Amino acid sequence: MRALSRAERAGRTMHVAFCAAVLFFLMAPILVIVPLSFNAEPYFTFTEGMLRLDPEAWSLRWYREIATSEAWRGALVNSLVIGTAATALATFLGTLAALGLSSPHMPARRFLMGFLVSPLVTPVIISAAGMFFFYSRMGLGQTHLGLILAHAALGTPFVVITVTATLTSYNTTLNRAAASLGAGPLRTFARVQLPLIAPGVLSGALFAFATSFDEVVVVLFLGGVEQNTIPRQMWAGIREEISPAILAVATFLIVFAAALLFTVGWLRRRAAGAA
Amino acid sequence: MRRGRDWRPRVRAAGLALPLVAFVGVTFVAPLATMFSRSVYDAVVADALPETLALLEGWDGESVPGEDVFAAAAGELARAQEERVIGQVAGRVNRVQGGMRSIVAVTGRRLPEAPDGSWRQTLVGIEPAWAEVSTWHAVRAAGERYTTRHYLAAVDLRRLPDGSVARQEEDRRIYLRLFARTFLVSLSITALCLLFGYPLAHFLAHAPPRRAGLLLALVLVPFWTSLLVRTTSWIVLLQGQGVINDILVALGLVADDGRLALVYNMTGTFVAMTHVLLPFMVLPLYSVMRGIPRSHMDAAASLGAGPVQGFLRVYWPQTLPGVGAGSLLVFILAIGYYITPALVGGSTGQLISNMVAYHMQTSLNWGLASALGAIILACVIGLYLLYARVAGTEGVRVT
């Protein structure tokens, strides 16, 4: 180790300061939402009372409003129903396909992988426009089923990517060992392989759910009044009358994102531990 | 027996992937194909006016057509009026030539049961425009089932009555400028993300593991947070009565009546999109940089390279795959961005994707929306193939 020159030390300090500023730019906009959601007034900025930490200026008013609102409750139910069904479909089909794609015998592997991740790279406005034409013609416009199929399609790439990644570290001699002990292919999968790749499957499922839970453009194009979801309700709120109730919902979604991130990180460490 | 060993695993692997391939084919690729067919195929006018169009086939295109064409048009316009498709027909003809909407619609409404003299006199009596050659050119052009019209319109071109292609009139040229703007904005945002992301990724990649994990979470939380939430935050921060303007006023940097317009314009689009896309730059860079051993820089130093020279000759070249992957990813995402510009862009901060939404939802010119969408998609696919070469398809990092 050499001693650092003065110029290098100055450079390093500037580097740290710069990174701190960038991290501030990333996090501050998200953190600012949280205190503002406790505003007692219908404003989007800190009132003088809030800055003086006057308890009168802080309230749970907007949380009460969303808790008692029919529209938000209906939106939550729709988001959960569509998200869960789409995730189940995407996870089942995606895991199956990942098993095939990880086989060294898979024909046209690269092409198929590109095909299967195409929903991820297509701009969502274009997917939504195409789906609008096609799903309405199939009689799936303005139905829950239509949105479930659409969101499942958008979520499958995440499942395929995470499960194939997990399978690269899976030791296939375990399958042969199970077979030599008399287990059929299904039993081998259920008792040996699936438990070992479960963390990857679960992370994929969480990604798929998060995708559906935050998706607004396809819902705007395909959904009717009956398919109002949380993102759609937020969209309407931002476009029409932006009320601090949105900030309360946003705070929930930030906590939800942090929980999701934590879970996926935990699953990844588990998968790494198992491999 | 040997042959059996050869194909069975292949069939099993393909069989496992088949359900998803079929699913994505039906729920995702077929819709895109429908959209593409919409951009080149439109049968509304052809189905409404089949006889008129058949007669116009034999028309010289220089003088006003004969009585047989007028009679056929009158009959078919009356039927279109009855079947309530006249509005759609009028809209289609109007896209070929401005002003035709009301001419067709009014004619449909006022057509009598029987001609007043000849059908020609009757139609011209309702709308004098029927005595003009250009009107019939417009009808004939709108009657083509397969058309390149939407693609021409998407790049500010149009077809003249004589079949040649010309530029759109000055005040109607919007799309090329919008494509150029989208391209420039995406490029600038990519550059900004690289400028912010590179030092940050470097810092994270070479920090002690515990601290790196904690700081990485500060990149991942925004990445995982709902896009709508992040966009809302920027509205809250940037609006006239928002937090940033309040701070600037409190500091005396800006007068209370001279608050800065930071949102609902290009500034808003720029700031919010950079924020949303920055993690997509940091994460690929971070994973590449983590694979570069510290010893390389030490070796460079021991051979007499200063920090700048060591960075430029040893470190930077090794991070190029990450730079390429991150930049392409950000650029691809930026070029098709819709939600953020729609919410914070106002009227000046719109990008080309917002035009697709406009034609889908407001003007209902679905053919043009499809053509614009197909052009954007072609750009994205091209860039994605490039990305797959740089990063590999498995390189689409999602965590």
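1. **Before you start.** This is a predicted model, in which local features need pLDDT of at least 70, side-chain atom pairs count only at pLDDT 80 or more, and totals for chains, interfaces and linings use all residues. Residues are numbered from 1 along each chain as its sequence is written, while chains are lettered from A and ligands numbered from 1 in the order in which they are written.

2. **A helix pair in chain A.** Two packed helices are described by the angle between their axes and the distance between the axes. For helix α4 (residues 70–102) of chain A and helix α9 (residues 185–213) of chain A, the angle is about 140° and the axes are 8 Å apart. That makes α4(A) oblique to α9(A). (Angles under 35 degrees count as roughly parallel, over 145 as roughly antiparallel, 65 to 115 as roughly perpendicular and the rest as oblique.) The contact residues include G83(A), A86(A) and A90(A) of α4(A), and G204(A), A205(A) and A208(A) of α9(A); residues are in contact if their C-beta atoms, placed from the backbone, lie within 7 Å. The residues of this contact divide into eight nonpolar, eight polar and no charged. (Ala, Val, Leu, Ile, Met, Phe, Trp, Tyr, Cys and Pro count as nonpolar, Asp, Glu, Lys and Arg as charged, and the others, Gly among them, as polar.)

3. **A helix pair in chain B.** Now look at helix α5 (residues 86–96) of chain B and helix α6 (residues 100–110) of chain B, whose axes come within 7 Å and cross at roughly 150°. That makes α5(B) roughly antiparallel to α6(B). Among the residues making the contact are V89(B), A90(B) and V93(B) of α5(B), with R101(B), V104(B) and A105(B) of α6(B). The contact of α5(B) with α6(B) has seven nonpolar residues, four polar and one charged.

4. **Two positive phi angles.** Most residues other than glycine have a negative phi. A108(A) is not a glycine, yet has a positive phi of about 50°. You will find A108(A) in the loop between α4 and α5 (109–121) of chain A. Q142(A) also has a positive phi, near 55°, and sits in the loop between α6 (124–137) and α7 (144–168) of chain A.

5. **Domains of chain B.** The assignment, which is automatic or from a database, gives domain 1 (44–145) and domain 2 (175–395) in chain B. Taken over C-alpha atoms, the centres of these two domains of chain B are separated by 51 Å.

Conventions
Axes are lines fitted to C-alpha atoms, for helices over the stretch in contact, and angles run from 0 to 180 degrees between N-to-C directions. Helices (H or I, at least four residues) and strands (E, at least two) are DSSP runs, numbered from the N terminus. Two residues are in contact if their C-beta atoms, placed from the backbone, lie within 7 Å.
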